[in-house]
Amino acid sequence: MKLFLKPDTAFLIKKILEEKLAVFNVKYNLINTNEILFLESIDTATSEKIAVVLNEYGFEIIENQKNIIVQKIKETIIEMIFNEETPAVKSSVYLAEKLNHSYGYLSNLFSEVTYTSIENFIIIQKIEYVKKLITHHNLTLTEIAFKLNYSSVAHLSSQFKNTTGITPSAFQRIIKKRNEISNQKIN
Amino acid sequence: MQKDFILITLADDDEDDRMFFTDAFDELKINTVVNTVNDGVALMNFLNDPESILPNIIFLDLNMPLKSGMECLKEIKAYPKFKDIVIAIYSTSSSEEDIENTFVLGANIYIKKPNHFEKLKEVLSEVVTLNWQYITSGLDKDNFLLRM
């Protein structure tokens, strides 16, 4: 005997996606058979798991080319700051050389995708690193300013204040009080 | 796989303020989906409803009837299921003590209500843009403190 089938591909795809995504317990909309819009933020670990599960059924996740370049820009900046590598050249030249594109191109692309400028992103990351040093390593501001090549503690403090609206010492105090409260809860 | 809009919940008992805020969000470059509630009790009901999709940011007025912003802040911070939500307090008060207190209790952002619409747009744009970096660049939310 022979059966003749007429598969409804759209239906099949929808069915598979629904079944496979159900385990992740996330809210989403299937826009069509090749686009899923997630209605909540998905962390990288989960998004990787989703990619693996969908790959098994032949779904390849296409990431947008622009996003890949932006991701590389971010990684390069974060590496530069968190490894405390001060490049011998200006960061614009450094990025252009490292990523093989003109800085103008990188800078436009970055602003378009992330809604902020590369310069601003560098400052945000630098301050983020300062926060880490304050909270995790208990360094004083003088030590941090020296470590990160700020010309003075005053320069570091004013950049911190401009970016976050609070002074580094207020930041330190707030985090300390928060930790005291959470320690009290545990004990 | 990243979603490309920010979900915002706004809790304010003043109708004019709610309107100003939603108008200001509409004009931002980043896409936002805003829902508003009129007081603290409504906010907590919304958050505790299992059908609700939790927002990325809550803008919380400090002075509200039934349940104040401060009480909401404490409640929200008491439940781990709300730990990913960024809390932005906004208030007419600019007392240093109030401000530091809300930060210590777990607020991420403190906004002093601006008097002009243009200024409000500027402030919200900065808040939402910076928050976007926290969502997309893996910054440590526990260290996210911003005063405007």
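Reply: This is a predicted model, and a loop is the place to begin: A:N149 is found between α7 (141–147) and α8 (153–164) of chain A. The phi angle of A:N149 is near 65°, a positive value in a residue other than glycine.

Me: Where does A:Y115 lie, which has a positive phi in a residue other than glycine?
Reply: Phi of A:Y115 is near 70°. With 18 other C-beta atoms within 10 Å, A:Y115 counts as partly exposed. Its place in chain A is the loop between α5 and α6.

Me: Which residues does A:I123 touch, not counting residues up to four places away in sequence?
Reply: A:I123 belongs to helix α6 (residues 118–137) of chain A, and it counts as partly exposed because it has 16 C-beta neighbours inside 10 Å. One pairing spans 40 residues in sequence, with the C-alpha atoms of A:I123 and A:T163 7.9 Å apart in space. Once residues up to four places away are set aside, A:I123 touches A:Q159 and A:T163.

Me: What separates the centres of domain 2 of chain A and domain 3 of chain A?
Reply: The domain assignment divides chain A into domain 1 (12–56), domain 2 (63–115) and domain 3 (117–187). Taken over C-alpha atoms, the distance between the centres of domain 2 and domain 3 of chain A is 24 Å.

Me: Which elements give two or more residues to the side of domain 2 of chain A that touches domain 3 of chain A?
Reply: The contact joins 13 residues of domain 2 of chain A to 9 residues of domain 3 of chain A. By class, the side belonging to domain 2 of chain A has 7 nonpolar, 5 polar and 1 charged residues. The elements that give two or more residues to that side are α3 (65–82) and α5 (103–114) of chain A.

Me: Which element of chain A has the highest mean pLDDT?
Reply: Chain A averages a pLDDT of 86, and 97% of the residues score at least 70. Among the elements of chain A, the lowest mean pLDDT, 81, belongs to strand β2 (residues 35–38), whereas the highest, 93, belongs to α8(A).

Me: What pattern does chain B follow, read along the sequence?
Reply: Chain B has 5 helices and 6 strands. The mean pLDDT of chain B is 88, and 98% of its residues reach 70 or more. Read along the sequence, the pattern is β-α-β-α-β-α-β-α-β-α-β.

Me: Which element gives the most to the side of chain B that touches chain A?
Reply: The contact takes 23 residues from chain B and 25 residues from chain A. On the side of chain B, the elements that give two or more residues are α4 (96–104), α5 (117–136) and β6 (146–147) of chain B, while the residues of that side divide into 12 nonpolar, 6 polar and 5 charged. The element that gives the most, with 5 residues, is α5(B).

Me: Which element gives the largest share of the largest nonpolar core?
Reply: This core has 58 residues, and those with the most contacts inside it include B:A88, B:F59 and B:I109. Leaving aside neighbours within four places in sequence, B:A88 is in contact with several residues, among them B:F59, B:I109 and B:V127. The core also draws at least three residues from each of domain 2 (63–115) and domain 3 (117–187) of chain A. Its largest share, 6 residues, comes from α6(A).

Terms used
Residues numbered from 1 in each chain as written. Chains lettered and ligands numbered in written order. Predicted model: local features only at pLDDT ≥ 70, side-chain atom pairs only at ≥ 80, totals over all residues. Helix = DSSP H or I, 4+ residues; strand = E, 2+ residues; numbered from the N terminus. pLDDT = per-residue confidence, 0-100. Contact = placed C-beta atoms within 7 Å. Nonpolar A, V, L, I, M, F, W, Y, C, P; charged D, E, K, R; others polar. Domains from an automatic or database assignment. Buried ≥ 20, exposed ≤ 12 C-beta atoms within 10 Å, placed from the backbone. Core = buried A, V, L, I, M, F, W, Y, C linked by C-beta atoms within 7 Å.
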